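Dear colleague,

Please find below the structure that I am handing over to you. My notes on what was found in it follow directly after.

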Amino acid sequence: MVTAVGAVTFTALPATAGSHAPSVRRVSVAADGTEANDGSTHAALSRNGAFTLFHSAATNLTQEPTPRPPGAVHIRNNTTGEVKRIRDSLQDPAVSDDGRYVTYLGWGTHTVKVKLVDLETGETKTVSSGPSKAGSDSATMSADGRYIAFTQQPDHPSIPSRVDVYDRVNGTYETVSEGPPISTRDMMAPSISADGRYVAYRDAGTGEVWRYDRDQRTRVRVDDSGSSELVQLSGNGRAVAINTADGAYVRDVPTGAVTRLPGKRIDALSQNGHQVLYQSNDPVAYSELRLRHVPSGHETLVQDNARAVPGAIAGQNRLVFDSPDADVVPGDTNGKADIFLWRAH
């Protein structure tokens, strides 16, 4: 069943500077504080903020043997400072709130596929609902690590990609991006809610963004123009952040209310849908990164030269970003991009 979003309310909000005095600390370091000997990027937080995941080319963050090639996903316990390298990992990590389950991209027999590792037992599973030569990517995980939404790639160009959800407990797969029977369009880039009920994804053929309710088996379109890019679904599944060529916006799906950021690009959406990290829409890797409270329009400058990715904001005003600047915290002398954990008081 497909339904339409209700009337859209356009809200113009003032951009006022916040008064927070945030704390910032570098987390792309070894447990003893040793600086990374190479760059670290693309950081995400567990939904409760307890764990930071990031990709790093550094070889000295753990005592484990250097992988070949050296780049790998790392997970840091933000309380203890312990850092683990995920073996044979490439990029695109996600983590459960308890830090036990991690998904990442790794090499399969024929191509790159989503991997799921249980860090408690060491068991690793390939998450793919297609044939052995088909790839999978773009994994996103529910808070308890039970449900993983991902893009299932085809093993032949004539077959479109689709969005599936893997149930770790039951070992089953469910396709959530079913379109018209004759559709040949690729469905991709999913984002899943904290409880696994809602999955948002993008139709690459039309540029439309959809949200699927796995309980009610209903699908609703949540963009308002073509060529839209899905950024992230909020943890409660209520809000969705979308980028377009003209700017970005956040939509509250039940009410249809929209908050627009003309000329900007949203990097991440908070779990409650009330905060966004955004930059300029200019085609540059790093620019001024700001945190905006969507309902009030209040803003805080996070860093002059930084970037974030979906999953970068956790609860209680905690977020992560990467920056190549050496003056974010004292003692940064490695000359490389690092990961920083930012927290408002």
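**Findings**

The mean positions of the 35 positive and 40 negative charges of the protein chain lie 3 Å apart. Please bear in mind that this is a predicted model.

As to the fold, the protein chain has zero helices and 31 strands. Its radius of gyration is 19 Å, close to the 20 Å that the globule rule gives for 345 residues, so the chain is as compact as a globular protein of that length. The C-alpha trace spans about 55 × 50 × 30 Å along its principal axes.

Of the 345 residues, 53% count as buried. The protein chain exposes about 14900 Å², and carbon and sulfur atoms supply 49% of that area. Among contacts with a separation of 6 or more, 44% are made by residues 24 or more positions apart.

One residue was examined individually. Q232 is located in strand β21, which covers residues 229-233. Its relative accessibility is 6%, and because buried means under 20%, Q232 counts as buried. The side chain of Q232 reaches two backbone nitrogens: that of L269 at 3.1 Å and that of G311 at 3.1 Å. Leaving aside residues up to four places away in sequence, Q232 touches S191, A239, V240, A241, A268, L269, Q271, P310 and G311.

Yours sincerely

Conventions:
Residues are numbered from 1 along each chain as its sequence is written. This is a predicted model: local features need pLDDT of at least 70, side-chain atom pairs count only at pLDDT 80 or more; totals for chains, interfaces and linings use all residues. Side-chain values use heavy atoms; hydrogens and water are left out. Helices (H or I, at least four residues) and strands (E, at least two) are DSSP runs, numbered from the N terminus. Buried means under 20% relative accessible area, exposed over 50%, partly exposed in between (1.4 Å probe, protein chains only). A polar contact is a pair of N or O atoms within 3.5 Å; within protein, one must be able to donate a hydrogen and the other to accept it, and residues adjacent in sequence count only if both atoms are side-chain atoms. Contact means heavy atoms within 4.5 Å. The radius of gyration is taken over C-alpha atoms; the globule rule is 2.2 Å times the number of residues to the power 0.38. Accessible areas come from the Shrake-Rupley method with a 1.4 Å probe; for residues, only the protein chains shown count as cover. Lys and Arg count as positive and Asp and Glu as negative; His and the chain ends are not counted. The place of a charge is taken as NZ of Lys, CZ of Arg, CG of Asp or CD of Glu.
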